[in-house]
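Open the structure in your viewer and keep the selection tool ready. This tour goes from stop to stop.

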Amino acid sequence: MAHGFGTLRDPQRIAQAYFAPPAVLAAAEPDSLKAALDAVWHAVNTYGELYSELLKELRSACADQMSE
């Protein structure tokens with residue numbers, strides 16, 4: 001869960017799944033670099049505390065692409 005708007009004593013919680021659609025929409029940007037960076041940013045938010053696993057997978061995929 002991620003914190004949304006609210007006070008420190010009464011924060012509203014947002015389910016992480018709601019962060020996923022912006023990642024998909026960001027990937028459709030016409031500027032490919034902006035699309036990639038925005039999609040990764042939103043995906044990191046979607047993964048929440050497990051974001052390091054996502055970044056590890058992305059690094060591995062990029063390394064694979066570089067070796068081809």
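Select Tyr47 to begin: this residue is found in helix H2. Helices here are DSSP runs of H or I with at least four residues, strands are runs of E with at least two, and both are numbered from the N terminus. Is Tyr47 buried, partly exposed or exposed? Tyr47 counts as partly exposed, at 33% relative accessibility. The cut-offs are under 20% relative accessible area for buried, over 50% for exposed, and partly exposed in between, with a 1.4 Å probe and protein chains only.

A word on the model before going on. This is a predicted model, in which local features need pLDDT of at least 70, side-chain atom pairs count only at pLDDT 80 or more, and totals for chains, interfaces and linings use all residues. Residues are numbered from 1 along each chain as its sequence is written, and side-chain values use heavy atoms, leaving out hydrogens and water.

With Tyr47 they form a nonpolar patch on the surface, and together the three have about 290 Å² of accessible area. Areas come from the Shrake-Rupley method with a 1.4 Å probe; for residues, only the protein chains shown count as cover. A patch takes residues with over 30% relative accessible area and no salt bridge; nonpolar side chains (Val, Leu, Ile, Met, Phe, Trp, Tyr) are joined within 5 Å, like charges within 9 Å.

Next, show H2 together with helix H3, residues 51-67. Their axes lie 7 Å apart, at an angle of about 140 degrees. Axes are lines fitted to C-alpha atoms, for helices over the stretch in contact, and angles run from 0 to 180 degrees between N-to-C directions. Which residues make the contact? From H2 come Val40, Ala43, Val44 and Tyr47; from H3 come Tyr51, Leu54, Leu55 and Leu58. Contact means heavy atoms within 4.5 Å.

Stay on H2, residues 32-47, and pick Lys34 and Asp38. Their side chains meet in a salt bridge, 2.6 Å from N to O. The term needs a side-chain nitrogen of Lys or Arg within 4 Å of a carboxyl oxygen of Asp or Glu. The two residues are 4 apart in the helix, so about one helical turn separates them. Asp38 is partly exposed at 24%. Lys34 is also partly exposed, at 40%.

Finally, zoom out. The protein chain has 3 helices and 2 strands, in the order β-β-α-α-α from the N terminus. Of its 68 residues, 13% count as buried. The chain exposes about 5,700 Å², with 62% supplied by carbon and sulfur atoms.
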